[in-house]
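Here are a few notes for a first look. Please keep the structure open while you read.

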Amino acid sequence: MINFKIDPDKVDFVKSNKWLVPVGVSNRHIHLSQEDIEILFGRGYQLTVAKELAQKGNYAAKETVNIVGSKGVLERVRIVGPPREVSQVEISRTDAVKLGIEAPIRDSGDLDNTPGAILIGPAGPLVLGKGVIIPRAHIHMAKQKAESLDLHDRDKVSILIKGPKVVCYHNVLVRVTDAGETEFHIDTDEANAAFVDTGDLAMIKHREMVVKDNYGNIVEVGVDNIKFVVGKTPHDYASIEGIRLLRNVFHYPVSTQQSIVNKMLNPHLIEPARFYLLSAMEGDKVVGISCFYYLTDSRLGYLEHIGITPEYRNRGIGSFLYHKVTSFLEKEHPEIEGLLLEVRRSKDETDNRKQFFLNLGAIPVDTSFYPSGKFKFAEELLLMFKPLVVEANLNTITLEQAFRNLAKVL
């Protein structure tokens, strides 16, 4: 029993919320056995890694195939590696209707009494006798996260999404893994119905939290989801409050604030580069902001500002915000290869930001190698780089091109 003498709506319960989980929207894809890979692509063929996925060891391959059903075809469906013992096709209900296949909702690997399909690869067709499913919503959970929530492999939880629509999923299977990120996987139909996208947040409802007042009455405690809002204009509420945070909380100069407003009002001034502002909100309160660019000529993103208000730090929201930035860039600019990250040396939080990016897999860039006459930052900065694809091409030519872009937009 928890006793308090103040309004429970004003109590900071968010600090104990260890159950926020990012959403991962899973598009149609195929897992293949090595035998079936060779039927589709030729004897001895090995899949080519295009992008590492959040679940360690898994990757999106460069290779695609067509899926043929009795009523239609799905073209260029991505293969996910590494090879498995048994081939499996994962599609949405909308895909199943288009193909004319009565695909059941199943957990991955549960393929008994499932329909098959014809796959078409460059070396010829493959007739699958079974293996086409609509994957059941599930959570991939890192072992450390599972232990903090007292969860075990194969447990079932409920997941609440509080976006424009409030959607709750029950009996969601938990898959605990030693390596990989925690992520709630749903298909494209489910994401569209809930108005969410990759990188948005949901909430694990694993234990009922009962709070009582001094008289023993149960108090209803509302815990809102963190949502991310892309600023359309500098006059949007989320944009106004986000820009205000930069000046009042993170102590950026007024010129930075004005620069952001100008870029949002006059996007043509930095074309072909694109500028974005993303605010993190809990209810109507803006608790974080990120400002970033897409540099078209160099196929790189540039994360200029990112910050969470002090009272919301150390809760994982900064990582959620970073992952939302990357998922947004990958969706808007699928050709992107990597992300440059700015760390200012002039502020006390410099070391924290550096370590934050290091923990996310970024590496420092030696900018001193490049002549200052070609590019000079307005202040002393440390640049870091996070590749988003396996073959990210960060060489001298690419970086100098990025510097020329940055000289125009910063």
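1. Start with Lys-130 and Asp-112. Their side chains meet in a salt bridge, at 3.9 Å from N to O. Lys-130 sits in the loop between E9 and strand E10 (132–135), and Asp-112 in the loop between strand E7 (105–106) and E8, so the pair ties together parts 18 residues apart in sequence. Lys-130 is partly exposed, at 37% relative accessibility. Bear in mind that this is a predicted model.

2. Next, Lys-331 and Asp-197. These side chains also form a salt bridge, at 2.4 Å from N to O. Lys-331 belongs to helix H7 (residues 317–332), while Asp-197 lies in the loop between helix H4 (188–194) and strand E15 (201–205), so this pair ties together parts 134 residues apart in sequence. Lys-331 is exposed at 55% relative accessibility. Asp-197 is partly exposed at 22%.

3. Arg-106 pairs with Asp-110. The closest N and O atoms of this salt bridge are 3.4 Å apart. Arg-106 is buried, because its relative accessible area of 16% falls under 20%. Asp-110 is partly exposed at 36%. The whole structure holds 12 salt bridges.

4. Now turn to helix H1 (residues 34–41). Which of its residues are buried? They are Asp-36, Ile-37, Leu-40 and Phe-41. These residues cover an arc of only 115 degrees around the axis, so they lie on the same side of H1. They pack against four strands: E4 (59–68), E5 (73–81), E8 (117–121) and E9 (124–128).

Definitions and conventions
Residues numbered from 1 in each chain as written. Predicted model: local features only at pLDDT ≥ 70, side-chain atom pairs only at ≥ 80, totals over all residues. Heavy atoms only, no water. Buried < 20%, exposed > 50% of the residue type's maximum accessible area, 1.4 Å probe, protein only. Helix = DSSP H or I, 4+ residues; strand = E, 2+ residues; numbered from the N terminus. Arc of directions from axis to C-beta. Contact = heavy atoms within 4.5 Å. Salt bridge = Lys/Arg side-chain N within 4 Å of Asp/Glu carboxyl O.
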